[in-house]
Every structure is written in C-alpha cells, then in structure tokens.
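Open the model in your viewer and keep the selection panel at hand. The stops below go one selection at a time.

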Amino acid sequence: MNRLPGLDLLRAIAIVWVMLFHSFVVGGLGPDFAWLSRYGWAGVDIFFVLSGFLIGTQVLRPLQRGEPLAFGGFYVRRAWRILPAFAVVLALYVFFPMLREVPGLQPWWQFATFTLNLLIDYNQNQAFSHAWSLCVEEHFYLVFPLLAWWLTRRPSTPKFIGVCAAVVVLGIVLRTTVWLHDAAIDPPRNWFLEDIYYPTWMRLDGLLMGIMLAVLRVYRPQAWARWQARSNVILLGGVAVSCLALWLFRDRTGLLANALGWPLLSFGLGLLVFAGADRNSLIGRWRVPGAGWLAAISYSLYLSHKIAFHVVATTLDAQLHGHGMVAFATYAVAALLLGAALHYLVERPFLRLREYRATRKLSGAVENGKAMAAPGAADASA
C-alpha cells in the first residue's frame with residue numbers, strides 16, 4: 001500500500017500524543033499544559049485502528065483474489081519488521097538498569113514471549129510497561145490471518161457481522177464484569193491496568209474497527225468509493241464521536257468509560273482513518289511537513305522515548321528546572337534523536353534486508369520456473 005498523507009498524519013499525531021502522555025515519568029508538563037497530555041493514551045488506540053486496517057488489507061487482498069494465504073511469509077515479514085528494534089530496546093532495559101525510567105522491570109522472558117500485558121505486576125515493575133501494546137499487536141498478528149482464512153473459506157456477510165458483533169458485545173460484558181468484581185473486592189494492586197486496560201481480550205475494539213474498514217475496502221470497493229466521496233463529512237463525524245468518547249473517559253477508570261467508551265472511541269477513530277485513507281479529504285489532501293517522517297520513525301520512537309526522557313531528567317534536571325518551554329524542547333529533541341537513531345541504525349537496515357531476501361527469493365523462483373519451462377528440462381533433471 002502506497003503511503004497516504006492522511007494516515008501518516010494520524011500516525012504522527014498518535015506518537016506525539018503518546019509521548020506527551022508519558023511525560024508523567026518526568027513530572028508531567030505542568031498545570032498550564034496538562035491538557036495536552038491528559039488523553040494521550042488514546043494515541044495507542046489510533047495505532048490499533050491503523051494496524052487493523054493496514055494489516056487487514058494486506059491479509060485480505062490475496063484471499064479476495066482466491067490466492068492461498070502465505071502464513072509463513074506473513075509471519076516472517078512481521079518478525080523482520082518488529083523484532084530487531086524491539087530486541088535492541090529490550091537489551092538496553094535488561095542490561096543497563098540506569099536507563100530505565102523506574103527501577104522495576106518484569107522478567108525479560110515476558111517481553112520476549114509477548115506475555116507482559118497478561119502477567120505484569122504494575123505496582124512493582126513499571127519499566128518498559130508501554131510494551132503492553134506491542135503484545136496486543138503480536139497476538140493480533142498471530143491470530144488474525146488464521147481467522148481471516150477461516151472466514152473467507154465460505155465468505156458470508158452475516159457470518160462476518162456476527163463475529164464482529166460478538167467481539168464487541170463480549171468485550172463490553174468482560175470489561176463490565178471484571179470492573180464490577182474488582183471494584184467490589186478492591187485488590188491491593190493496579191487492577192484497572194492489569195485486568196482491564198492491558199489484556200488483549202479487553203482491547204480488541206480498535207483492531208476490529210480497522211479490520212472492518214479493510215473488509216469494506218477489499219470486498220466492497222464500490223461502497224468504499226461511494227462513501228469516500230463523503231470523506232470530509234465522515235471526518236467531522238469521526239471528530240465528534242471521538243470527542244464524545246473522550247468525554248466518557250473524563251473518569252478514565254470509571255465503569256461507563258470502560259464498558260462503552262472503547263467501542264465508541266474505536267468507531268470515532270475508525271471514521272478518522274477512513275477519511276485519512278482518501279487522498280481528497282481534508283487530512284489526506286496535503287502532506288503536513290514532518291508528519292511523514294514522524295510516521296516513519298513512530299515505532300522506534302514508541303519503543304525508546306521513555307529512555308530519552310529518563311536520560312534527560314537524570315542529567316539535566318537542575319539546569320532545566322523552572323524553564324518550561326526549554327525543558328519541553330529538550331525532552332522532545334532527545335526523544336526524536338534517540339528514536340531516529342534506532343530507526344536508521346536498526347529498524348531500517350533490517351527492513352532493507354527483509355526486502356533484499358524477498359527479492360532474491362522471488363528471483364530464484366522465477367529462474368526455477370524458466371528452467372522447468374525450457375525444452376528438455378524434464379529429461380535433463382531426470
């Protein structure tokens with residue numbers, strides 16, 4: 001899929017919003033700028049919707065054409081994309097404790113097996129806890145191709161709608177039940193994060209919304225085009241619905257927000273992604289300076305920004321104290337420099353290696369095909 005300026009803008013907004021939210025690890029932005037970071041956790045939900053849409057489109061297109069899904073190829077490509085930068089940052093957290101934003105770190109194997117979001121003791125081990133969302137993504141990569149293959153063996157609109165409705169309803173029931181149970185017994189731990197916010201089965205709404213967009217684009221292209229003619233109206237609707245959802249999250253840990261807020265927020269963000277996928281929409285028409293670059297390095301930025309914040313806080317805190325805008329700029333530059341270094345020195349070379357290996361494999365297959373098609377090839381190989 002060619003890069004779309006609207007989706008790059010949404011990805012850039014998401015990573016900046018997340019970093020603003022995580023400014024709490026260095027004391028926050030102060031009372032005058034707290035509004036910038038209060039809802040920054042929603043940046044992760046933008047990433048979830050984008051991932052569901054982009055990965056969903058990638059998986060569903062060959063299935064729609066009647067081609068077999070190359071499971072091995074899909075998993076290998078995701079591994080080359082995700083693991084190198086993640087392994088480097090995990091090594092920094094494990095072997096260099098002075099780089100951690102807080103001392104406590106869950107066992108390394110929970111990160112390596114992407115089970116952190118299911119096993120974390122948040123009160124004791126908060127370092128690199130933002131890897132929880134990567135765990136959710138990895139579980140999605142593992143399960144979705146299998147589910148897509150099953151659903152498309154005998155395509156059925158009612159079956160697909162039924163599965164989507166079941167995921168939404170079960171999510172609402174699960175979150176409500178767990179919230180009521182934990183609120184009643186009030187266990188001595190951060191049960192909101194550990195039981196509701198982090199577990200994969202509680203956070204499927206954003207990914208599901210992205211998948212639904214992918215299904216519409218791949219299997220109903222005429223309807224997709226017809227609705228994209230109204231992309232600016234849908235964009236405004238997405239802003240309105242997202243704002244309504246965030247209003248529900250005034251109490252982020254409250255029952256109403258966690259029962260109904262997640263599907264509502266995911267729907268609003270899904271409308272924004274739909275509009276961003278249209279090159280003629282208000283957010284898809286122009287390339288915002290810097291947005292494409294931020295989108296490109298967003299994964300490395302997400303992994304490493306807390307380390308950058310911590311290093312600045314421990315080395316320059318005295319000099320930056322009381323200098324709000326200077327401190328803000330210093331933290332931002334440090335995060336961008338570290339994220340860019342990780343992207344250009346680790347993430348990008350491995351992506352190039354991935355493409356090189358794929359090209360060589362394709363070339364080898366073409367050459368083998370030519371050899372088999374050549375006159376006398378069967379006799380020569382006997």
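Which residues does Ser300 touch, not counting residues up to four places away in sequence? Select Ser300 in this predicted model and show its surroundings: the residues touched are Ala85, Gly339, Leu342, His343 and Glu347. Ser300 itself sits in helix H15, which covers residues 298–320. With a relative accessible area of 0%, Ser300 is buried, because buried means under 20%. Now display the side chains of Ser300 and Glu347: they make a polar contact at 2.5 Å.

Next, select Thr200. This residue is in the loop between helix H9 (191–197) and H10. Is Thr200 buried or exposed? Its relative accessibility is 10%, so Thr200 counts as buried. Draw a distance from the side chain of Thr200 to that of Asn117, where a polar contact of 3.0 Å is found.

Last stop: the cavity. Searching the whole structure turns up one cavity of 30 Å³ or more, and the space in the largest cavity is about 30 Å³. To see its lining, select Asp45, Phe48, Arg203, Asp205, Gly206, Trp262 and Ser266. By class, this lining has three charged, two polar and two nonpolar residues.

Notes: Residues are numbered from 1 along each chain as its sequence is written. This is a predicted model: local features need pLDDT of at least 70, side-chain atom pairs count only at pLDDT 80 or more; totals for chains, interfaces and linings use all residues. Side-chain values use heavy atoms; hydrogens and water are left out. On a 1 Å grid over the protein atoms alone, a cavity is a set of points where a 1.4 Å probe fits but cannot get out, and a pocket is an open set with protein on both sides within 12 Å along at least five of seven lines; lining residues have an atom within 4 Å of a point. Grid points are joined across faces, edges and corners, and a volume is the space filled by probe spheres set on the points. Ala, Val, Leu, Ile, Met, Phe, Trp, Tyr, Cys and Pro count as nonpolar, Asp, Glu, Lys and Arg as charged, and the others, Gly among them, as polar. Helices (H or I, at least four residues) and strands (E, at least two) are DSSP runs, numbered from the N terminus. Buried means under 20% relative accessible area, exposed over 50%, partly exposed in between (1.4 Å probe, protein chains only). A polar contact is a pair of N or O atoms within 3.5 Å; within protein, one must be able to donate a hydrogen and the other to accept it, and residues adjacent in sequence count only if both atoms are side-chain atoms. Contact means heavy atoms within 4.5 Å.
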